[in-house]
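Dear colleague,

I am passing on the model we discussed, with the sequence alongside, and below it you will find notes on a few places in it. Please read them with the structure open.

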Amino acid sequence: MVTPAPAIATRQVPFFNYPALFEQDRTKLTQIFLDVCGRGAYIMQRDLKEFEAALAAFTGARHAIGVADGTNAILLGLRALELPAGSEVIMASHTYVATANAAYFAGLVPVPVDCGPDHMIDPASIREAITPRTRVIMPTQLNGRCADMDAIRAIANEHKLIVAEDAAQALGARFNGTHAGLFGAFGTISFYPAKVLGCFGDGGAVLTNDDKIAAYVRMAADHGRNEDGEFVMWGTNSRLDNLQAAILNHKLASYGDVMKRRRWIAARYDALLKGLPELQLPPAPDSDSRHFDIYQNYEIEADRRDALKNYLKDQGIGSIIQWAGQPLHRIKALGLSRSLPKTDRMFERCLMIPIHVAMSDADVDHVANSIRSFYGH
Ligand SMILES: *Cc1c(COP(=O)(O)O)cnc(C)c1O
C-alpha cells in the first residue's frame, strides 16, 4: 500500500529538533554510549579529564572545569569570589532566570538592568545601577554574542568591580579575539541540549584563568574534596557526568562546522530579511569586526510580533519568545521589579526564529519567505 500524499504538503520547521540531531550522528553517539557504559566509567573518569582539556584548549582558558549544569557553574563561580553576603551583582534583565537564581543562592543580590539595541546588557544602565554594595558585573553573552566588553571592563576598572560572565549561550563567541568566558574572573558555559554544544541532559562548565577560583570550583563541585580525596572545605555535588563529557568531547571536535553553519544561516536570514521596515535583525556575521558571533539564537524584533508568531505557526514554523516573555524584572515572585523601559519595549517585539544544524537551506528560505509574505513583501 502506498500512502497517499497529503493534500497540502507543508514543510515543518520546528524551532528545535532533538531527534534529527541525534539521527545525524547516531552510529558514533551510540558507540560512545556503549564504550563508556562497557567500561563502567560514570563519575570523574578519563573522558571528563579529556573533555576539560579539550575545552580549555578550544577557548584558551587556563582552566575548564566540568560541572552539573550552567546554573551551578555560575553559583560555584560566584561562591569562589568569597564576597560579603548581600553584595550586589549587576546583570541584564534580558537573561535567563538562572543568572539571578545563581546569584541568590550564592547569598548575593541580583540587580537587573536594561539592554541596548543589540539586546546585550547596556553599559549606561550598568553605570546607573552601581551602589556601594555592588561587587560584580555579570554580562550575559546572549544569543551567542559578546557584549561590548571594552565598555564593561572600563566601568569595572573605574569602580573596582569584578567582571564575571554568564556565557551559557556563547561557547566559541569572541570579542576582539578573546573567547566568551575569559574577560573577567570566570565565565560559565551551559551544555543544555538546546545550546550550541548540547549534551544528552544537563551539563555545564566554568572557564577561568585564575588558579584559586579553579581550585575552589573543582573542590566545591565534589563535596569539598581535594585531589587526595580529603574533605578540606564545604562543598556540594555538582559534577559533570563522565558519559556527558564523552559525548561533549566528541561533539566539540566538529564544533567549528556547527558554528560555521549557524553563521551561514544567520547570513542567509540577513540577506533575505534586510531592509524590511517592520523588522530589526541581529547584527550580521562580520558586520562588526570586533565580534565573532555564534548565533545561539536568531532574535529579531518585529512589528505585530504575536500575529507574526501565529502566522509562522500556520506555516509549520516554530518560534519562541525568549524566557517565555519574562525578563528578570517582570518575574513577580523574585521581587526584582524596577523600571527598565528599553527591555519592556524590546519584549513587546522580540521573537526567536529557528536556527539549528538540522535545518536545510530550503527550511531557512521557507522561514524567511514566510516572514516576508506575512508583511506582504
Ligand atoms: C541555558 C542558560 C543558563 C543555564 O544553564 P543550565 O545548564 O540550563 O543550568 C544560564 N544562563 C543563560 C543565559 C542560559 O541561556
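In which loop does S238 lie? S238 sits in the loop between α8 and α9 (242–253), and please keep in mind, here and throughout, that the model is predicted. With a relative accessible area of 0%, S238 is buried, since buried means under 20%. Setting aside residues up to four places away in sequence, S238 touches G66, V67, A68, N72, L76 and A221.

Helix α4 covers residues 70–80 and helix α8 residues 211–220, and the two pack at an angle of about 125° with their axes 9 Å apart. Angles over 145 degrees would count as roughly antiparallel and those from 65 to 115 as roughly perpendicular, and α4 and α8 are therefore oblique to each other. The crossing in which α4 passes α8 is right-handed, and the residues of this contact divide by class into six nonpolar, one polar and one charged.

The α3 side of the contact consists of R46, D47, L48, E50, F51, A54, L55 and F58, while α9 supplies N242, A245, A246, L248, N249 and L252. Sorted by class, the contact of α3 with α9 has nine nonpolar, two polar and three charged residues.

The loop between α11 and α12

Q322 is placed in the loop between α11 (305–314) and α12 (341–347), and I320 is found in that loop between α11 and α12 as well. Is Q322 buried or exposed? Its relative accessible area is 4%, so Q322 is buried, whereas I320, at 34%, is partly exposed. The side chain of Q322 makes a polar contact with the side chain of N143, at 3.2 Å. Apart from residues up to four places away in sequence, Q322 touches H94, L142, N143, Q169, N297, E299, F347 and M352. M352 is also among the contacts of I320, which, leaving aside neighbours within four places in sequence, are F15, K309, L351 and M352. From C-alpha to C-alpha, I320 and D222 are 36 Å apart in space, and they are separated by 98 residues in sequence.

N176, although not a glycine, has a positive phi of about 50°; N176 is in the loop between β7 (174–175) and β8 (178–179) and is partly exposed, with a relative accessible area of 42%. D286, again not a glycine, has a positive phi of about 70°, and D286 lies in the loop between β11 (279–280) and β12 (291–292). At 59% relative accessibility, D286 counts as exposed.

With kind regards

Terms used:
Residues are numbered from 1 along each chain as its sequence is written. This is a predicted model: local features need pLDDT of at least 70, side-chain atom pairs count only at pLDDT 80 or more; totals for chains, interfaces and linings use all residues. Side-chain values use heavy atoms; hydrogens and water are left out. Axes are lines fitted to C-alpha atoms, for helices over the stretch in contact, and angles run from 0 to 180 degrees between N-to-C directions. Helices (H or I, at least four residues) and strands (E, at least two) are DSSP runs, numbered from the N terminus. Angles under 35 degrees count as roughly parallel, over 145 as roughly antiparallel, 65 to 115 as roughly perpendicular and the rest as oblique. A crossing is left-handed if the near helix is turned anticlockwise from the far one by less than a right angle, and right-handed if clockwise. Ala, Val, Leu, Ile, Met, Phe, Trp, Tyr, Cys and Pro count as nonpolar, Asp, Glu, Lys and Arg as charged, and the others, Gly among them, as polar. Buried means under 20% relative accessible area, exposed over 50%, partly exposed in between (1.4 Å probe, protein chains only). A polar contact is a pair of N or O atoms within 3.5 Å; within protein, one must be able to donate a hydrogen and the other to accept it, and residues adjacent in sequence count only if both atoms are side-chain atoms. Contact means heavy atoms within 4.5 Å.
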